[in-house]
Amino acid sequence: KQWYQRRVRGDWLGTFEGHKGAIWAVDISHNGTRAATGAADFTSNFWDAESGNCLATCTNSHIVKSVSINRQMNLLLTGTSKSVISIFDVRQPQKSIEEYIGHNGSIKGARFLGNDNFFISIGEDKLLKMWDRRAQKELKQQSFDQPVNSFDLEDEMKVVTVTYGNNVALHDVTTFDLLRTHSLPCVVNSASLHLDQRYFVCGGEDMYVYKVSIETGRIMESYKKHFGPVHCIRYSPDGELYASGSEDGTIRLWQDSVGKTYGLWQRPDLTNIHNNCSPRDLDFVMG
């Protein structure tokens, strides 16, 4: 099952139901109206994010570990645990329209680039790759010396954020040139770049959430509110908050600028909502 909540008040809005296996991947369209999920039941579902209705179900060859929606919201890019990358047209989802095999092992992530003629993927084989859909071939690759845990890409920033081992690396999305790399005190499972590209947030095995300066690598802030490893972290599109998801079953929302009136931080007595929350963060317990 997948849950969604209203950002402004934290109200529980509804549940997406339809998968028959564990959910491994989730993506939201750029305008927030569509969602996609990938699961252990070999399917990737395309949802109306407002009503919760399933609009299309795409059958993959194995467990779906990655899913991405294109900007036009008519294509799904999926990656499986058996190294197959597929593209589905959600208007005719019965069969994939394209398939690519170029990684060894599970696909850790894949995302469309720009006008959808290109996409990038990252795998269990420690390789980041760019693909040309028109020629249907691999264009370039970047290798890492440790297993890759995650990657994040925002089209507007033109930067790929990769986590591997204790490291967070920033690469140019066009050339794959290394822009910056910084080491953290623990294995990093996920990282997200702020839209002004001056810092990023990350989390990992030591249960901390870190904010790190890109220029110096200095840890600007660190918080330990989770009671299990942090497996995912993402900035909101406007950069005003970020969310962290943990093995402890909670999702926490963190205010990027403490004290600023924004969303859930509008009421002066907001700290009373949950005994364990500070003015910076709020948490949601997942069932």
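User: Which residue forms a salt bridge with Lys129, and how far apart are the closest N and O atoms?

Analyst: Keep in mind that this is a predicted model. Lys129 pairs up with Glu138 in a salt bridge, and their closest N and O atoms are 3.1 Å apart. So the partner is Glu138, at 3.1 Å.

User: Are Lys129 and Glu138 buried, partly exposed or exposed?

Analyst: Buried takes under 20% relative accessible area and exposed takes over 50%. Lys129 has 4%, so that side of the pair is buried. Glu138 has 29%, which means it is partly exposed.

User: Which residues have the most contacts inside the largest nonpolar core, and which elements give two or more residues to this core?

Analyst: That core holds 15 residues, and the ones with the most contacts inside it are Ile120, Val160 and Val162. As for the elements giving it two or more residues, they are strand 12 (118-123), strand 13 (127-132), strand 15 (148-154) and strand 16 (159-164).

User: What does Ile120 touch, leaving out residues up to four places away in sequence?

Analyst: Ile120 has Val160 among its contacts, and Val160 is also named with Ile120 for the most contacts inside the core. Lys129, the salt-bridge partner of Glu138, touches Ile120 too.

User: Where in the chain do Arg133 and Glu98 sit, and how many residues apart are they?

Analyst: Their side chains meet in a salt bridge at 2.5 Å, N to O. Arg133 is in the loop between strand 13 and strand 14 (137-143), while Glu98 is in strand 10 (residues 98-101). The pair links distant parts of the chain, with the two residues 35 apart.

User: Why do Arg133 and Glu98 both count as buried?

Analyst: The cut-off for buried is under 20% relative accessible area. Arg133 counts because its value is 15%, and Glu98 because its value is 12%.

User: Is Arg198 buried or exposed?

Analyst: Arg198 meets Asp196 in a salt bridge at 2.9 Å, N to O. Asp196 is partly exposed at 29%. Arg198 has 52% relative accessibility and the cut-off is over 50%, so Arg198 is exposed.

Methods:
Residues are numbered from 1 along each chain as its sequence is written. This is a predicted model: local features need pLDDT of at least 70, side-chain atom pairs count only at pLDDT 80 or more; totals for chains, interfaces and linings use all residues. Side-chain values use heavy atoms; hydrogens and water are left out. A nonpolar core is a set of buried Ala, Val, Leu, Ile, Met, Phe, Trp, Tyr and Cys residues joined through side-chain atoms within 4.5 Å. Buried means under 20% relative accessible area, exposed over 50%, partly exposed in between (1.4 Å probe, protein chains only). Helices (H or I, at least four residues) and strands (E, at least two) are DSSP runs, numbered from the N terminus. Contact means heavy atoms within 4.5 Å. A salt bridge is a side-chain nitrogen of Lys or Arg within 4 Å of a carboxyl oxygen of Asp or Glu.
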